[in-house]
Amino acid sequence: MYKLLKHKMPALTGKGRVFSYMMFFYMLAAGLISPVFAEYLKEITGSESYVGVLFSLAYFITFVISILISKILYKVSRLILLYIGFFGMAITYLLFSLIDSAGFLIGVQVLKGFFIAVLFVVIPLMIRDYTDDDKLSREEGRYYWFINLAWILGPITGGVISYYLGIRSVFLFSMLILLFSVWFLRHEHIVSICRRKNDETRDLVKNLKRFFNKTTFLQAYLVDLGVHLWYIVSVMAIPLYMISSGFSVMAVGLVMALKVMPLILFEKFIADHAKGEGIGLSIRNGFIVMVIALIAIAVVNDVYFSIGMFLIVSLGVAFIEPIKETYLFRHMSREQEDDLYPIYATARQVAFMIGPVSAGFTITYFGYQVLFLLLGFSLIPMVLVGYLISKE
């Protein structure tokens, strides 16, 4: 059975592209629950602050597992890890549809954090491994294009399902989508996936020093941190903000989908054309747009204006997202990736830990306008990082 799982892999239009397809269905499932998840947590816990804590709890677990998973990558087939990730996430969504107490909710969030770490470390590495270096930027653009397409379809569908069938039914539909994702791991085409061996050190402390002592890795880490800080705050805060302003869950789903449209429209073009120093300029300009839009939301206290600015923030993200890992892999060899990429992946988890807790506290005591103001100022250092990258 192990050998069957080890060798059974799909090959559709390209060896790396199939992992983008898998991520599409994973993110479609996540997008389905995005309009309702924060409200679901609030109904059970009773406070925006607790919502932030529960969001962060899952990603604290993901942070820890992302660091430790480098040792697992040497010993376990990546394909088996993908099976664990997809089936595990399906189980967590099933549990979300059943539980109604904060205690059980904490346990399920811990499980969710583990399975997220598995998927978000393994899938990007598989895309890297099965994509030629000169096509990596283009393939990364396709990868994020599929993710963002899921984030258009998912929130709209989730809002409709919640409106007609209730919040908990959304989790069941998400579970079914994740189970369908497993089909891509059973495609009839067979390619060999072997455990790769290398002589690089596997000591965690040494790997951390190797990563953060290199300026290019640190800059890539900060860029990823900045993008995901906006992402997690938007997933948590926008639904709560709109519902508190009198919008329905269906309207929330529509807005969550619309804010992804700039990514769909521009990321593929940016990924195909960003070369050399253009990568740094694109990152710098993207963060400038994000900072200006977020500060504008804080200054103009109008929900409809804010919705328009959310689209502008996404436009800024479109200049950054499809090329940020291309910049990383330009400086990280394939021999280093098992040891060092999991450390890079913790940038996402750090953002997902500090973002929800900070957002929940800020919303509770200061309001949404202060939240967006603080978020805007927190991204200003990323503008400098983009400038430094452009000067390399």
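**Salt bridges and packing**

Modeller: The structure holds two salt bridges. Keep in mind that this is a predicted model.

Colleague: Which residue forms a salt bridge with Asp224?

Modeller: Lys324 does. The closest N and O atoms are 2.5 Å apart. The pair links distant parts of the chain, 100 residues apart. Asp224 is in helix H10, residues 215–244, and Lys324 is in helix H15, residues 324–331.

Colleague: Are Asp224 and Lys324 buried or exposed?

Modeller: Both Asp224 and Lys324 are buried. Lys324 has 2% relative accessibility, so it counts as buried.

Colleague: And what does Glu325 meet in a salt bridge?

Modeller: Lys324 again. The N to O distance for Glu325 and Lys324 is 3.9 Å. The cut-off for a salt bridge is within 4 Å.

Colleague: Why does Glu325 count as buried?

Modeller: Because its relative accessibility is 8%, and buried means under 20%.

Colleague: Which residues are linked in a network of salt bridges?

Modeller: Asp224, Lys324 and Glu325 are.

Colleague: Back to H10 and H15. At what angle do they pack?

Modeller: About 165 degrees, with the axes of H10 and H15 9 Å apart. Angles over 145 count as roughly antiparallel. H10 and H15 are therefore roughly antiparallel to each other. Their crossing is left-handed.

Colleague: Which residues of H10 meet H15?

Modeller: On the H10 side: Thr216, Phe217, Gln219, Ala220, Val223, Asp224, Val227 and His228. On the H15 side: Lys324, Tyr327, Leu328 and His331. Asp224 and Lys324, the salt-bridge pair, are both among these residues.

Colleague: What about H13 and H17, how far apart are their axes?

Modeller: The axes are 7 Å apart, and the packing angle is about 160 degrees. H13 covers residues 278–299 and H17 covers residues 368–378. That angle makes H13 roughly antiparallel to H17. H13 passes H17 in a left-handed crossing.

Colleague: Which residues meet there, in H13 and H17?

Modeller: H13 brings Val291, Leu294, Ile295, Ile297 and Ala298. H17 brings Gln369, Phe372, Leu373, Leu375, Gly376 and Phe377.

Colleague: Switching to rings. How many aromatic pairs does a search of the whole structure find?

Modeller: It finds 29. One of them is Phe114 and Phe115. Their ring centres are 5.3 Å apart and their planes are at 80 degrees, so the pair is edge-to-face.

Colleague: Is Phe115 buried or exposed?

Modeller: Phe115 is buried, with a relative accessible area of 13%. Phe114 is partly exposed, at 31%.

Colleague: How do Trp151 and Tyr231 score on accessibility?

Modeller: Trp151 has 6% relative accessibility and counts as buried. Tyr231 is partly exposed, with a relative accessible area of 23%.

Colleague: Which residues form one aromatic cluster?

Modeller: Phe37, Tyr40, Tyr93, Phe96 and Phe171 form one.

Colleague: I also had Tyr59 flagged. In which helix is Tyr59 found?

Modeller: Helix H4, residues 48–73. Tyr59 has 9% relative accessibility, so it counts as buried.

Colleague: What does Tyr59 touch?

Modeller: Leaving out residues up to four places away in sequence, Tyr59 touches Lys112, Ile116, Ile232, Arg348, Gln349, Phe352 and Met353. As for Val110, Tyr59 is 51 residues from it in sequence and 8.4 Å from it in space, C-alpha to C-alpha.

Colleague: Last topic, the whole chain. How many helices and strands are there?

Modeller: The chain has 18 helices and zero strands. Buried residues make up 60% of its 392 residues.

Colleague: And what share of contacts join residues at least 24 apart?

Modeller: 86%, among contacts between residues at least 6 apart in sequence.

Terms used:
Residues are numbered from 1 along each chain as its sequence is written. This is a predicted model: local features need pLDDT of at least 70, side-chain atom pairs count only at pLDDT 80 or more; totals for chains, interfaces and linings use all residues. Side-chain values use heavy atoms; hydrogens and water are left out. A salt bridge is a side-chain nitrogen of Lys or Arg within 4 Å of a carboxyl oxygen of Asp or Glu. Helices (H or I, at least four residues) and strands (E, at least two) are DSSP runs, numbered from the N terminus. Buried means under 20% relative accessible area, exposed over 50%, partly exposed in between (1.4 Å probe, protein chains only). Rings of Phe, Tyr and Trp (its six-membered ring) pair if their centres lie within 6.5 Å; planes under 30 degrees apart count as stacked, over 60 as edge-to-face and the rest as tilted. Axes are lines fitted to C-alpha atoms, for helices over the stretch in contact, and angles run from 0 to 180 degrees between N-to-C directions. Angles under 35 degrees count as roughly parallel, over 145 as roughly antiparallel, 65 to 115 as roughly perpendicular and the rest as oblique. A crossing is left-handed if the near helix is turned anticlockwise from the far one by less than a right angle, and right-handed if clockwise. Contact means heavy atoms within 4.5 Å.
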